[in-house]
Amino acid sequence: MLLALAALAAPAQASAADRPPAVPGARAAIVIDGRNGEVMFAKRPGTRRQIASTTKLMTALLTLERTRPGQIFKASSYRPAPVESQIGLKPGERMRVGDLFTALMLESANDAAEALAEGIAGSHDAFVAAMNERAGQLGLDDTSYANPIGLDDPLNYSSARDLATLTFDLMQRRRFARVVDTPEAQLRSGARPRTVDNRNLLIGEYPFVNGVKTGHTSQAGYVLVGSARSRTGGRVISVVMGEPSEAGRDVDTLKLLRWGLSRFHRVQVLDPRHALARADIEYRDERVGFVPQRGVVLTLRDGERVRPVVRAPDEVSGPLAARKRVGSVTVLVDGERVRRVALVTATEVPEAGTLRVLVSVLGVPLTVLAALAILIGVVLLTLRLRVRFRLVKR
């Protein structure tokens, strides 16, 4: 039997409180579901803009894919201007990739970015080519890279949608997620120990914020790719671009992250105390209920539809113990399978017994006639035996 139960969570009508907050300072913005990448809110998501140091997200991706943390790279001959973010690497200074990566993501160090670029690809230009090739593979159609740092350049740009897509990929990687959620770190390799602070000041100040990357140049304005998670399991990624100030960038990011997380709720979709189906018991005028083997609680976003689909027999034969597996229930969210749980008997199923089988097969009248025939046969057999016994005694 295939039983499709009614939807447990239907799309709700949007109220004023459901609408995303206004972010007038952002030239472009987006919020996506951190679990599956679905867009929850967008403001000019495909507009191409300068992206400043959020360029380093692609530098980070190539570092994760093509290096090991323990590798040693030499610092390049790149000399950052005094106003650029840096950790003061000297040309030829040797540092572990893990420390360079941490400096890249927390301090947004341009000298670390160049060291990684040349260490990975052999040259600045070869690394930029690799960045653009990888962007094409990820489908980042509104993205182009001219350097691994994020310096203003007509050929260095992206969109809110592409930045969110790239960040969604990165946040699936534990090493990346761990580093960007760190307020401060110690770099122990290199010519001397160094301490780097996360330029994303929302990390540490707001426990629900867990990433990701800031950026600022005169042409890009203030940019922030943010990430947050809730205690109920909700996860979101936000992007604001072209903000006029650092304070405005942070305020708008917090608005979007809080709004995004407020769309998620914990819902019990399967309860082991409640039967999802029932079946007849063979040869008995009774039914048995089938319950999920265990409960299932999901984090759902407003508007997501949940549908449990039950596969179970129409009839069962005893004896069966309680909690015996007889089928399964599949939980679908917007048509996609997210859980499969065994379906078990809620109570013991007793054996039918011979008389019940006869009654069920023959019906009451025929069963009575059969019983009388058996009784008459027994009586006749008894009489016959008695007659024989008397003849033997004579």
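Biologist: What makes helix α1 count as largely enclosed by the rest of the structure?

Modeller: In helix α1 (residues 56-66), 9 of the 11 residues are buried, so the helix is largely enclosed by the rest of the structure. Buried means under 20% relative accessible area, exposed over 50%, and partly exposed in between, with a 1.4 Å probe and protein chains only. Among the buried residues of α1 are Lys56, Thr59 and Ala60. Helices (H or I, at least four residues) and strands (E, at least two) are DSSP runs, numbered from the N terminus.

Biologist: What kind of model is this, and how are residues numbered?

Modeller: This is a predicted model, where local features need pLDDT of at least 70, side-chain atom pairs count only at pLDDT 80 or more, and totals for chains, interfaces and linings use all residues. Residues are numbered from 1 along each chain as its sequence is written, and side-chain values use heavy atoms, with hydrogens and water left out.

Biologist: How many helices and strands does the protein have?

Modeller: The protein has 9 helices and 18 strands. Buried residues make up 46% of its 394 residues.

Biologist: What makes helix α2 largely enclosed?

Modeller: In helix α2 (residues 97-107), 11 of the 11 residues are buried, so the rest of the structure largely encloses this helix. Leu104 is found in α2. Its relative accessible area is 0%, and the limit for buried is under 20%. Therefore Leu104 is buried.

Biologist: Which residues does Leu104 contact, leaving aside neighbours within four places in sequence?

Modeller: Contact means heavy atoms within 4.5 Å. The partners of Leu104 include Lys56, Thr59, Ala60 and Lys213.

Biologist: Why is Arg323 called partly exposed?

Modeller: Its relative accessible area is 42%, so Arg323 is partly exposed. Arg323 sits in the loop between β16 and β17. Its phi is near 70 degrees, a positive value in a residue other than glycine.

Biologist: Why are Phe41 and Trp259 called an edge-to-face pair?

Modeller: Rings of Phe, Tyr and Trp (its six-membered ring) pair if their centres lie within 6.5 Å; planes under 30 degrees apart count as stacked, over 60 as edge-to-face and the rest as tilted. By this rule the count comes to 3 aromatic pairs. Phe41 and Trp259 have ring centres 6.5 Å apart and planes at 70 degrees, so this pair is edge-to-face. The pair links distant parts of the chain, with Phe41 in strand β3 (residues 39-43) and Trp259 in helix α8 (residues 246-262), 218 residues apart. Both Phe41 and Trp259 are buried.

Biologist: How do you know that Arg175 lies over the face of Phe101?

Modeller: A charge sits over a ring if NZ of Lys or CZ of Arg is within 6 Å of the ring centre and within 35 degrees of the ring normal. Arg175 is 5.0 Å from the ring centre of Phe101 and lies over its face.

Biologist: How do you know that Thr143 is buried, and what does its side chain contact?

Modeller: Thr143 has a relative accessible area of 11%, so Thr143 is buried. Thr143 is in the loop between α4 (124-137) and α5 (160-171). A polar contact is a pair of N or O atoms within 3.5 Å; within protein, one must be able to donate a hydrogen and the other to accept it, and residues adjacent in sequence count only if both atoms are side-chain atoms. The Thr143 side chain makes such a contact with the side chain of Asp162, at 2.8 Å.
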